[in-house]
Amino acid sequence: MGPAPAGVQHRGAAGESEVMELALEDTCKEGKKESSKKCTLAGSPVDGLLQPVKLSQAELYKEPTNEELNRLRETESLFHSSLLRLQVEELLKEVRLPEKKKARIDAFLREVHQRVLKVPSTPKTELTDQTWLPAGVRVPLHQVPYTVKGSFCFLPPAQVTVVGSYLLGTCVRPDINVDMAVTMPREILQDKDGLNQRYFRKRALYLAHLAHHLGQDPLFGSVHFSYTNGCHLKPSLLLRPHGKNERLVTVRLHPCPPPDFFRPCRLLPSKNNVRSAWYRGQSPPGDGSPEPPTPHYNTWVLQDMTLESHVQLLSTVLGSASGLKDGVALLKVWLRQRELDKGLGGFSGFLVSMLVAFLVSTRKIHTTMSGYQVLRSGLQFLATTDLTVNGISLCLSSDPSLPALADFHQAFSVVFLDSSGYLNLCADVTASTYHQWDISQDPPKHRDSGTLTLGLLLRPEGLTSVLELGPEANQPEAAEFRQFWGSRSELRRFQDGAIREAVVWEAASMAQKRLIPHQVVTHLLALHADIPDTCVHYVGGLLDALIQSPKETSSTGEEALAAAVRCYDDLSRLLWGLEGLPLTVSAVQGAHPVLRYTEVFPPTPVRPAYSFHEHSRERASLLPRPDKPCPAYVEPMTVVCHLEGSGQWPQDAEAIRRVRAAFQLRLAELLTQQHGLQCRATAMHTDVLKDGFVFRIRVAYQREPQILREMRSPEGMISLRDTPASLRLERDTRQLPLLTSALHGLQQQHPAFSGVARLAKRWVRAQLLDEGLTDESLDLVVAALFLHPEPFTPPSSPQVGFLRFLLLISTFDWKNNPLIVNLNSELTVEEQVEIRSGFLATRTQLPVMVILTPQDRKNSVWTQDGPSPQILQQLVVLAAEALPVLEKQLMDPRGPGDIRTVFRPPLDMYDVLIRLSPRHIPRHRQAVDSPAASFCRGLLSKPGPSSLMPVLGYDPPQLYLAQLREAFGDLALFFYDQHGGDVIGVLWKPTSFQPQPFKASNTKGHMVVSQGGELVMVPNVEAILEDFAILGEGLVQSVEARSERWTV
């Protein structure tokens, strides 16, 4: 068998190797057709098959030539396969320009050259006098502001030169574009034309005059304007032949100044060439104030000045090196297949050619290399070099007056300097496009070419309104309203009889109403700017999922909270109207996070399934069944019911407690008799089931805290002194209701308060930092964001408010300042100064986190029991780490990724991890990473009346946690997320493992060892870990001791 004919080699290139398939796929169809024609001509077709060429004996066994040996060696060492080499060669043949077509293009270019030189001149006029332009021609430039100095007249070009890849022989099919530089005569330009768009105005006028005359020439089938690489100041003129050759070639005319007309030193990236006063239409300030630099504007002027010099450089480098030209062609195909060379910010074929020239100058590529070697070297360089950090330069001059690379890095994302040292070739390349060049990543989409980020400052009033009310139909403003809103505007009749234009947005829940600006923005951009909604990334409600209930994805709980508050209002009216109480009700006040809209996951009406529970007939209640999963968690909402003062109240604390217990029983009886409510009374409270919600009513007597403070001396003298019991009762029955009322009012003023507070508490608890950080303290920190937002305005969305919460937590000086929350604006400036002075005087006696309010000006009631210094420090550190991570995620135009990242706790810091069984975690579905499936919790799907009280406050992990802290609180700290957490983190206290003197009364959790001849006690870790499991039997799945973190 002789060597295969050329046509067979072409056929062999039909498939792609795995490597080249990734880089160079889907080439032009036209080239494939021509290849198939060659195949047909190469041999004698019989029944559609190619026949082998017949060779003589001498030809069949003759020795290979040196050229053939070199090709065989190259194939083995570089391509590793003859097939890959054939594929590359076939690809190059498909994308190269055939000689016949090139001849036709050359003929068209000669005609273009002659016609451009024959365009007639125009008389000189001011730049602002454009009356000489024919009526059918528009200036291809937005002339804003219109007023500009200078004069203009059209003169035939000094020269018309072909530049770019066509001249170099590196253009690739299917779309052939030929760039022609049209050099404007010096007489048209003036010295200061680089200022205030004068050069670009003249350039645009020059193109407009050319377009008018060439558009009338029958040689051209189409004459259009287009922007050069998306730059709005640099239009170009596109010319195509007439008739059947219309798709043969597109000629792009680029007006440019003479090469040395503008001084490069005036076009440095640090220079300003667009005066602010001119652009804003103001008078020059005259005070010599510095102007901001205009690096991109300066670059666009330099680009026009260097068109010819760049072609000369590339011609010198590429010359007759066919391998370099092949490599450039392959790199262009690679770019085109990934659409990296398209539009503003793209990496064009010209830049690839200049990159190859740079690699040649740095000897990373040799002129004798093959196209495949050039492709590999180019991709290798792009994959290992970050031009956003370390720019490169073709300039070999050591002139100290040239700008440094660092100057360009300050002005541009990507830096690649040309041989002059003044022009950044990659000035228009965006960092997002450049960074996508890693060959292991997917190619970027069009939307990755760059983003414009806008911040919206929203007014709270009307923010959640679904109606945009317009003028009445018969008013002249109605037409303007309809034009602005387009199809969304419609006529509506209102209750007052008026017929008006209006726009109605689709939003049912508060969460959807907060996203109405998203609907507005996308609608207006699509209507007036032709920007589809797929190109708009709205950063609004990305954190909403963290506070949505497992079964509700369209709401963030505001509606459920409002329903609970309405039920509470109904109950309040029932309490006020009760008949038969010995004393009348003087006040009913809520004292629960639900009633101030800050409960992370609001309650919903419950209807328990009786078969899931055991029954307690004596108490008309339901109980958990041991053989069933833990029932749903139902937390009663605390309500404080104050009774009027009377001389019949006893003056003894114990007697008061007994009287209150009697009132609790009587209250249950009357609510059941008069309103048919299911009630269960104890000595301390009365639980009431109403409309599926459970309220816990606590009867309060206003003088009881004072009576608890009374201390009687042996002599019978009475003095007042705070006791733990009096402080606790004062806090629960007076201060907590007042705080709830004030925050309820804050929610009415700032609808975003609820969402921010719930997100903040969700994040804190997700970090397992619930100990010492109470609901009330966190609610007050969030309230400060709305009452003292300086230097911002109050947040209008939960997402922004949560970011500010993290900022406040991480930056506030908790050691040297109190956080003063001026609820209802009750504190004057002088009073706040006095509070700060008192804080400094008593700092050592106050907790580490001090939060003061008008009702609590000295003691920081809500942080008395925590957090500890260690917990506060951990909170500050976590907030400081979470803030930049979350901001980066939210501002990523490609999407936020996994937004729950900052909510996941760092478990590697704990010494022991106690894993819990989801079967006995009643709030399992509230976890940050909500499980796809969980256990039935004994609730019927449709709420309805129930004659039995559901199981209240039953949360086995919380009960277990309390037992752990009680039993082992002297040895360890315990951390847990009450919202569905399935792990308890344990940290040994630093003093836990220090040997203690032996005491028979203090052996719990310890063992006796001998040290230095003395008996001492150290923790018995194995026994403690065993106790952890025994104490949580049935609930605890495993106890993981991370012994590498601690030793005895």
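## A tour of the predicted model

Begin with strand 11 (residues 489-493) and strand 12, which run antiparallel and are joined by five bridges. The model is predicted. Within this pair, select Arg492 and then Arg500 in strand 12, its bridge partner. Next select Gly497: the hairpin of strand 11 and strand 12 has five residues between the strands, and Gly497 takes a positive phi near 90° there.

**Salt bridges**

The model holds 41 salt bridges. Start with Asp326 and Arg96, whose closest N and O atoms are 2.8 Å apart. Asp326 belongs to helix 13 (residues 322-337) and Arg96 to the loop between helix 6 (82-95) and helix 7 (99-117), so this pair ties together parts that are 230 residues apart in sequence. The two partners can be compared by their cover. Asp326 counts as buried, at 16% relative accessibility, while Arg96 is partly exposed, with a relative accessible area of 37%.

Move to Glu704 and Arg660, where the side chains meet in a salt bridge at 2.9 Å, N to O. Here the pair ties together parts that are 44 residues apart in sequence, because Glu704 lies in helix 23 (residues 704-709) and Arg660 in helix 22 (residues 653-675). Glu704 is buried, with a relative accessible area of 3%. Arg660 also counts as buried, at 3% relative accessibility.

Now select Lys761 and Asp779. Their side chains meet in a salt bridge at 3.1 Å, N to O. Lys761 is in helix 25 (residues 753-766) and Asp779 in helix 26 (residues 775-787), so the pair ties together parts that are 18 residues apart in sequence. Both Lys761 and Asp779 are buried.

**Backbone details**

Stay with helix 25 and helix 26, and select Leu768 in the loop between them. Phi of Leu768 is near 65°, a positive value in a residue other than glycine. Is Leu768 buried or exposed? Leu768 is buried, with a relative accessible area of 2%.

For another residue of this kind, go to Ser860, in the loop between strand 23 and helix 29. Phi of Ser860 is near 55°, again a positive value in a residue other than glycine. Ser860 counts as buried, at 0% relative accessibility.

The loop between strand 23 (851-852) and helix 29 (869-890) also holds Pro867. Select Gly866 with Pro867: the peptide bond from Gly866 to Pro867 is cis, with omega near 10°.

Then jump to Val144 and Pro145, where the peptide bond is cis, with omega near -5°. Pro145 is found in the loop between strand 1 (125-126) and strand 2 (151-152).

**Surface patches**

How exposed is Arg263? Arg263 is partly exposed, with a relative accessible area of 49%; the cut-off for exposed is over 50%.

For the last stop, select Phe998, Val1008 and Leu1015. These three form a nonpolar patch on the surface, with about 280 Å² of accessible area together. Centre the view on Val1008, which lies in strand 28 (residues 1006-1011). Val1008 counts as partly exposed, at 40% relative accessibility.

Note on methods. Residues are numbered from 1 along each chain as its sequence is written. This is a predicted model: local features need pLDDT of at least 70, side-chain atom pairs count only at pLDDT 80 or more; totals for chains, interfaces and linings use all residues. Side-chain values use heavy atoms; hydrogens and water are left out. Buried means under 20% relative accessible area, exposed over 50%, partly exposed in between (1.4 Å probe, protein chains only). Two strands pair if DSSP finds at least two bridges between them. Helices (H or I, at least four residues) and strands (E, at least two) are DSSP runs, numbered from the N terminus. A salt bridge is a side-chain nitrogen of Lys or Arg within 4 Å of a carboxyl oxygen of Asp or Glu. Patches are made of residues with over 30% relative accessible area and no salt bridge: like charges are joined within 9 Å, nonpolar side chains (Val, Leu, Ile, Met, Phe, Trp, Tyr) within 5 Å. Accessible areas come from the Shrake-Rupley method with a 1.4 Å probe; for residues, only the protein chains shown count as cover.
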